[in-house]
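Here is a short briefing to read alongside the model. Have the sequence and the 3D view open, and follow along topic by topic.

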Amino acid sequence: DGELSDQADPSDFDLSKAKLLTLTNQKVTTWHCMVKEDRDEAALVNLLNAFRAACHYGAEAAVYRIENCETFYNILHSTLSSAPDSFLALFQISSSKSGKEVLFQLSKASKWKSLRPLVKSFVRSTLFLLNQVTDRDILRFVLTNLRAALVFFAAFPLLIPPLVKVCVHLWATRDETLSSASFSILRDLVVVFGSIDLETCLGKMFRAFLSRSRAAQISDVASIQFLRDCLVQLCSVDLQKSSLKVSASTNQISKLLSWGLKTKKKEAIRRLCSFEYVNCIDLWVSFIAAYMTDCDVKYAYFMIIRVINGVALMFPGPRYFPLRLRCIEWLNNLSRSSGNFIPVTSIVLDIFEYKFVKEGKKAESCVDMSSVLKVPKRYLKSKTFQEECFRCAVEQMSFHFSQWSFHISFPDLAAIPLVRLNRALETTTCESLRRMVKRLIVQVEQNAEFVQKKRDEIAVSPSDHQSADMFLQV
């Protein structure tokens, strides 16, 4: 059972004397109908032998000859769509039962000893196919149908690690369908069958996630975000264990930041300004924001805020504006999820107050802020880059103000930013940028005036927190 090789025993047949059996499309269809309609055991054996031949086609000495590509695809479709239900019917187990109930009844079934080799052949052949095939359409089909047969993988514990390995590999690909189907299998192995420990599965997926992040530029931002959301979702299976892992990880990235701030070495700067480091922060910010009210993540919460502020402090120049904008977005998300005030205006205003130079002749005209952390120098004189920086800064500032727009302290919160925004408005020469900043100033002034007017109508002491929290609640 421990051997993963599914090679046939040479004593089973003599290749020099045996005649290759031809598998035709009609023959496969006939077997499929007999299995599906009559639950014919002999037809199922023939279909599984054909399936094994198709999965190992070209990888070993052939016993069967597959007529054409249409027959090959028919074998895969017929077996994967009918074998799981046929096995359950032969074992007289209802398909409506839960995964663990089916797994328990399999070991107690009277036919398990006689049919076990067939089940094992099916499972190992499927695993071999996943490891060998490169065609994405075949992989999508196999993974989509594999979920129904996952209980039979769970019946052979030694085959679970190689299945997890290939699923993690396919999960970390750029194909959304492959990634989604692989994640469903991994989640079932953890939640439904308990075939793999949550910490082990999270560790493998986390390493694959960081491996995908080792790039100077991320061209598939949506794919990375999908992988991040999968990890956050899997963490919800056991929030207590996950929160411990998050705390340990945030402690590690905090130590790396402290080392970078202390030494200022090129290696430290390179590691801190990398998508591997940034995506790790983004992952734990998403986790903390999602489950702050469900588990104790106070340590990780304060640690990650400290890390984000440290990163924003370490990279102040205009070339790092995309990274600083990410820091602002993280702080806004944490503030919204926790309901705690986190100051971000000073970081945003640094972008508004930066004096961009006039557009040069060699300036590049296009840059995707979400796919880079450090902008090449040729983009700094680009009008498009400057407008994008201002637009993102206005968006994050508006998000911050809107969160506290009905708070009793809003006029005080907006006072200094309004002064600095007006100063930035005076120094900005680009008319499109002036319009954005002016619009923001008008909105903030109107809201501050509204809150101040309401505040003047009541008498609330600053120490009366309950009355302050109830201010303008309706």
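Helices α5 and α6 (residues 136-146) pack at an angle of about 145°, and their axes lie 10 Å apart. Axes here are lines fitted to C-alpha atoms, for helices over the stretch in contact, with angles from 0 to 180 degrees between N-to-C directions. On the α5 side the contact is made by Thr126, Leu129 and Leu130, and on the α6 side by Leu139, Val142, Leu143 and Leu146; contact means heavy atoms within 4.5 Å. Please keep in mind that this is a predicted model, in which local features need pLDDT of at least 70 and side-chain atom pairs count only at pLDDT 80 or more, while totals for chains, interfaces and linings use all residues. Residues are numbered from 1 along each chain as its sequence is written, and side-chain values use heavy atoms, leaving out hydrogens and water.

**Confidence**

- The protein has a mean pLDDT of 87, and 92% of its residues reach 70 or more; pLDDT is the predictor's confidence in each residue, from 0 to 100.
- Residues 1-18 have pLDDT below 50, and this stretch has 23 contacts in the model beyond near neighbours in sequence.
- Where pLDDT is low, the predicted coordinates should not be read in detail.

- Helix α4 covers residues 99-108, and its buried residues are Gly99, Val102 and Leu106. Helices are DSSP runs (H or I, at least four residues; strands are E, at least two), numbered from the N terminus.
- Buried means under 20% relative accessible area, exposed over 50%, and partly exposed in between (1.4 Å probe, protein chains only).
- Seen down the axis of α4, the buried residues fall within an arc of 60°, so they line one face of the helix; the arc is that of the directions from the helix axis to the C-beta atoms.
- Packing against these buried residues are α3 (69-90), α5 (112-132) and α7 (150-154).
- Turned away from the buried side, the other face of α4 carries the exposed residues Lys100, Phe104 and Lys108.

**Aromatic rings**

- The structure holds 14 aromatic pairs. Rings of Phe, Tyr and Trp (its six-membered ring) pair if their centres lie within 6.5 Å; planes under 30 degrees apart count as stacked, over 60 as edge-to-face and the rest as tilted.
- Phe72 and Tyr73 form an edge-to-face pair, with 5.6 Å centre to centre and 70° between the planes.
- Phe72 counts as buried at 18% relative accessibility, whereas Tyr73 is partly exposed at 43%.
- Phe315 and Tyr320 form a tilted pair, with 4.8 Å centre to centre and 45° between the planes.
- Phe315 is buried at 2% relative accessibility, and Tyr320 is buried at 16%.
- One aromatic cluster is formed by Phe51, Phe87, Phe122 and Phe152.

**A buried asparagine**

- Asn279 sits in helix α14 (residues 275-291) and counts as buried because its relative accessibility is 4%.
- Not counting residues up to four places away in sequence, Asn279 touches Phe209, Ser213 and Ile224.

**Positive phi in two loops**

- Arg39 has a positive phi of about 55° although it is not a glycine. Arg39 lies in the loop between α1 (25-38) and α2 (41-55), and is partly exposed at 35% relative accessible area.
- Gln92, also not a glycine, has a positive phi of about 60°. Gln92 is found in the loop between α3 and α4, and counts as exposed at 74% relative accessibility.
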